[in-house]
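Morning, everyone. I have one structure for you today, and a few places in it to visit. Please bring it up on your screens.

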Amino acid sequence: MYYNEETIIYYKGNFIKAAEAKGNPYDQSLHYGYSVFEGIRAYDTKNGTRIFKAKEHYDRLKFSADAIKMPYEFNSDKLTEITYEVLRRNNLKNAYIRPLVSCTPNMSLTKGKQSEIFIAAWDWAAYLGDKLLRLKTSSFRRISPSSFIVAAKVSGHYINSIMATQEAKDAGFDEALMLDVAGFVAEGPGANIFIEDEGVLYTPQLGSILPGITRATVLDICNELEIEVVEKQLTLEDVHGKDGAFFCGTGAEIVGIASLDDIAFKKPFKETIGATIQKAYKALVFEKEYRNIATIA
Ligand code: PMP
């Protein structure tokens, strides 16, 4: 599904066939979830294949490794070049890119001894699809900032996300919405959330969420388009039955939300600010002009 016999990856310093990659079952990363990763996208723009916000993603990868004291000797510019080469070798223009830094065997609970990088790319449609989502508030709270560095994208943190998404799907919903340990709205298992109420967008403040690169991009778009956004603690009452909502993330891109806990958002998504942001985001990643919203096709 993610690779075939021809697929080339970058692994432990070399471009090799994915089918010939050899991992080590004694790796610390496998045993303890002690690895860090990124989710990046490349788009086939009019200026050629372009990795969207490569520097931001690779800088966050380093931040994540540093946060858990993982040895990290990679450089964002060099990794960006390597990633373009992975895309070229696989003839990929629109792609999802997955870098992962893992650590060699170490069964004690101490920092990693040596890290190794894996970079793969594949064709992947928007992670949550393009239909409006039916969300359910999760019974699993988002990981606590007093237990983990939530701004780091660490593999082990994603057990929390898997529990939440699976619970929502088992209950017949598309995806979960997670609260933080204090009961305020946090984020989706793999995306940040924005809510629209009376012409203003609201999004949870940083602290208990992954500071999404897409979230930052949405804030920039709002600034350009003079859309008011407020970052604050939100309760479920601030979400249920409001005008609109959307998730944003590199994998998910911008996706509208139909309902939370079967309580519908009031406006049809195409009439919400989220729909405008969705168009602007799409224009931006394809390196098209988006500031004059009327010109967005
Ligand atoms: N929150 C979580 C928990 C995520 O996994 C992601 C996806 N990386 C996001 C938010 C969105 O982050 P970004 O926009 O940087 O992809």
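A term before we start: a polar contact is a pair of N or O atoms within 3.5 Å. Within protein, one atom must be able to donate a hydrogen and the other to accept it. Keep in mind that this is a predicted model.

Here is a case of that contact. Look at Thr7, in the segment before β1 (8-11). The side chain of Thr7 reaches the backbone nitrogen of Asn4, at 2.8 Å. Is Thr7 buried or exposed? Thr7 is buried, because its relative accessible area is 10% and the cut-off for buried is under 20%.

Now to the ligand. Where does the ligand sit? The answer is the largest pocket. Around the ligand there are 16 residues. Those that come nearest are Tyr158, Glu187, Ile213, Thr214 and Thr250. What kinds of residue make up the shell? Six are nonpolar, six are polar and four are charged. Two elements to find on screen are α5 (213-225) and β14 (244-249). Each of them supplies at least two residues of the shell.

Start with Tyr158: a polar atom of its side chain lies 2.5 Å from a ligand oxygen. Ile213 takes part through its backbone. There, a polar atom is 2.7 Å from an oxygen of the ligand. Then Arg60: an N or O atom in its side chain is 2.8 Å from a ligand oxygen. How much of the ligand does the protein bury? Taken alone, the ligand exposes 380 Å², and the protein buries 96% of that.

Two loops to finish. Go to the one between β8 (133-137) and α4 (158-170), where you will find Arg142. Arg142 has 5% relative accessibility, so this arginine counts as buried. What does the side chain of Arg142 contact? A polar contact of 2.9 Å joins it to the side chain of Asn160.

The other loop runs between β6 (95-103) and β7 (115-122), and Leu109 is in it. Why is Leu109 called exposed? Because its relative accessible area is 76%, and exposed means over 50%. One distance to check as well: Leu109 and Val150 are 41 residues apart along the chain. Their C-alpha atoms are separated by 20 Å.

That's the tour. Over to you.

Notes. Residues are numbered from 1 along each chain as its sequence is written. This is a predicted model: local features need pLDDT of at least 70, side-chain atom pairs count only at pLDDT 80 or more; totals for chains, interfaces and linings use all residues. Side-chain values use heavy atoms; hydrogens and water are left out. A residue is near a molecule or strand if one of its heavy atoms lies within 4 Å of it. Accessible areas come from the Shrake-Rupley method with a 1.4 Å probe; for residues, only the protein chains shown count as cover. On a 1 Å grid over the protein atoms alone, a cavity is a set of points where a 1.4 Å probe fits but cannot get out, and a pocket is an open set with protein on both sides within 12 Å along at least five of seven lines; lining residues have an atom within 4 Å of a point. A molecule sits in a cavity or pocket if more than half of its atoms lie within 2 Å of its grid points. Helices (H or I, at least four residues) and strands (E, at least two) are DSSP runs, numbered from the N terminus. Ala, Val, Leu, Ile, Met, Phe, Trp, Tyr, Cys and Pro count as nonpolar, Asp, Glu, Lys and Arg as charged, and the others, Gly among them, as polar. Buried means under 20% relative accessible area, exposed over 50%, partly exposed in between (1.4 Å probe, protein chains only).
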